[in-house]
Amino acid sequence: MQLQVARIGKPHGIRGEVTVQVMTDAPEDRFVPGTELIVEPASKGPLTVLSARWNKDILLLGFEEVADRNGAEELRGAMLSVDTEELDGEDDDEGWYEHELVGLQAKVDGDVVGTVSGLRTLTVQDLLVVDDIQGREVLVPFVEAIVPEVNVEGGFVLITPPPGLFELNLPEDKQEKPARQKPAGDAAAADDARDGAGS
């Protein structure tokens, strides 16, 4: 699967460098010289990173295949991506990307309880956003103890939720309440009234 990491902007200088709009949290890892990038449209790539440097807060990239400003101009607007399967092979600790998780079935004890609709990255821990089978949003701590298995190829995540996890986000007016019953005394009084009316 491909992950977009940048969009090419205007040329910079006369040696083929381009400005890019960065779309990754780790540009220092994505644009290492020698890295081959997938290009959309495909007719303009692939491109191999020759250089990467910052000019104030703008990232400038040079490519082995582009030698001058004219070649850089032709790349304007192109999208750059990397193959996430290769990235996973390079670093098993990198974790999961949101686009890999969205759409996976959420299973508890083998039963489908919902579908993953997002991933919220927080300082303390990440949260899986699961839309349950009734369309309600449930936030599941994305830790191994609660989500022990992520099977992208199989199309599911396995969840072992603590008691009440899937009820925590229910609005109060949607929580089931027991039906109110009349006290036994009221029922007896009603029967006596009917008997009196019939005599």
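Predicted model: local features only at pLDDT ≥ 70, side-chain atom pairs only at ≥ 80, totals over all residues.
1. Val 108 has Asp 111 in β8 as its bridge partner.

2. Follow β8 to its next partner. Six bridges pair β8 with β9 in the antiparallel sense. One place to look is Gly 114, whose bridge partner in β9 is Asp 132. In general, the strands of a sheet are held in pairs by backbone hydrogen bonds, in a parallel or an antiparallel arrangement.

3. Is Asp 132 buried or exposed? Its relative accessible area is 8%, so Asp 132 counts as buried. Leaving out residues up to four places away in sequence, Asp 132 touches Val 113, Gly 114 and Val 138. Asp 132 also forms a salt bridge with Arg 136, at 3.0 Å from N to O. Both Arg 136 and Asp 132 are buried.

4. How many salt bridges does a search of the whole structure find? The count is four. Another of them joins the side chains of Arg 120 and Glu 137, at 3.1 Å from N to O. This pair links distant parts of the chain, 17 residues apart: Arg 120 is in strand β8 (residues 111–120), and Glu 137 is in strand β10 (residues 137–141). Arg 120 has 37% relative accessibility and so counts as partly exposed. Glu 137, at 38%, is partly exposed as well.

5. A further salt bridge pairs Arg 53 with Glu 17, and the closest N and O atoms are 2.8 Å apart. Again, distant parts of the chain are linked: Arg 53 lies in strand β4 (residues 47–55) and Glu 17 in strand β2 (residues 17–22), 36 residues apart. Arg 53 is partly exposed, because its relative accessibility is 39%. Glu 17 is buried, because its relative accessibility is 13%.

6. Now the barrel. Which strands close into it, and in what order? Six strands do, in the order β1-β2-β5-β4-β3-β6, with antiparallel pairing. From one strand to the next, the twist averages 50°. The pairing of strand β3 (residues 36–40) with strand β6 (residues 79–83) is antiparallel and has three bridges. Within that pairing, Glu 40 stands opposite Met 79 in β6.

7. Ile 38 is also in strand β3. At 28% relative accessibility, Ile 38 is partly exposed and so does not count as buried. Not counting residues up to four places away in sequence, its contacts are Gln 2, Met 79, Leu 80, Ser 81, Val 82 and Asp 83.

8. The largest nonpolar core holds 21 residues; Ile 8, Leu 47, Leu 61, Phe 63 and Leu 80 touch the most other members. At least two residues of this core come from each of β1 (2–12), β2, β3, β4, β5 (58–63) and β6. The largest share, four residues, is from β1. Leu 47 shows how these parts meet: among its contacts beyond four places in sequence are Ile 8, Leu 37, Val 39, Phe 63, Leu 75 and Leu 80. Apart from this core lies another, of 16 residues, among them Leu 101, Ala 106, Val 130 and Val 157. Nonpolar side chains tend to be buried together in soluble globular proteins.

9. Last, confidence. The protein chain averages a pLDDT of 77, and 74% of the residues score at least 70. Where is confidence lowest, and where highest? Helix α5 (residues 184–198) is lowest, at a mean of 50, and strand β12 (residues 156–158) is highest, at 92. Residues 87–94 have a pLDDT below 50, and this stretch makes seven contacts in the model beyond near neighbours in sequence. Residues 169–185 also have a pLDDT below 50, with seven contacts counted in that way.

Key. Residues numbered from 1 in each chain as written. Heavy atoms only, no water. Buried < 20%, exposed > 50% of the residue type's maximum accessible area, 1.4 Å probe, protein only. Contact = heavy atoms within 4.5 Å. Pairing = 2+ DSSP bridges. Axes fitted to C-alpha atoms, helices over the stretch in contact; angles between N-to-C directions. pLDDT = per-residue confidence, 0-100. Core = buried A, V, L, I, M, F, W, Y, C linked by side-chain atoms within 4.5 Å.
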